[in-house]
Amino acid sequence: TKEERIKYGKVIYDQVCTACHLGQGQGIPFAFPPLAKSDYLNADTDRSISAVVHGLAGEIKVNGKVFNSVMPQLGLSDESIANVLTYVYNQWENNGTEVTPEMVKAVRDKGAPPAQGGAH
């Protein structure tokens, strides 16, 4: 269920994501973008899934601010990615999306977008 995804997703967030995006998803100015109230996150679920699946490098704009750092591939399973993104989407005034393992698999199967330079 969505509630279970959120519960399991919080555990993954606390273990994997908090170091850079911090406990309330506020990010670190000029280094790591916020996940809280994130226009980047809320605008495109597949793009957000891709960032977690493939990693992300290069310039992005989040909530009007430019970030240019690297998010590594985290090596998480489709289920774990679905859970952690469902958690993030249901916190901090984000749009409440539920991400499923099938959605993650579809993005993974497409491969990394060219702008990200493939696997890191």
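## Glu 93 and its partner

Glu 93 counts as exposed, because its relative accessibility is 64% (exposed means over 50% relative accessible area, buried under 20%, partly exposed in between, with a 1.4 Å probe and protein chains only). Glu 93 forms a salt bridge with Lys 37, with 3.9 Å between the closest N and O atoms (a salt bridge is a side-chain nitrogen of Lys or Arg within 4 Å of a carboxyl oxygen of Asp or Glu). Lys 37 sits in the loop between helix 1 and helix 2 and Glu 93 in the loop between helix 4 and helix 5, so the pair ties together parts 56 residues apart in sequence (helices are DSSP runs of H or I, at least four residues, numbered from the N terminus).

## About the model

This is a predicted model, where local features need pLDDT of at least 70 and side-chain atom pairs count only at pLDDT 80 or more, while totals for chains, interfaces and linings use all residues. Residues are numbered from 1 along each chain as its sequence is written, and side-chain values use heavy atoms, leaving out hydrogens and water.

Glu 98 and Arg 5 meet in one of them at 3.4 Å, N to O. Glu 98 is in the loop between helix 4 and helix 5 (101-110) and Arg 5 in helix 1, so this pair ties together parts 93 residues apart in sequence. Arg 5 counts as buried because its relative accessibility is 14%, whereas Glu 98, at 33%, counts as partly exposed. A network of salt bridges links Arg 5, Glu 79 and Glu 98.

Conventions: Helix = DSSP H or I, 4+ residues; strand = E, 2+ residues; numbered from the N terminus.
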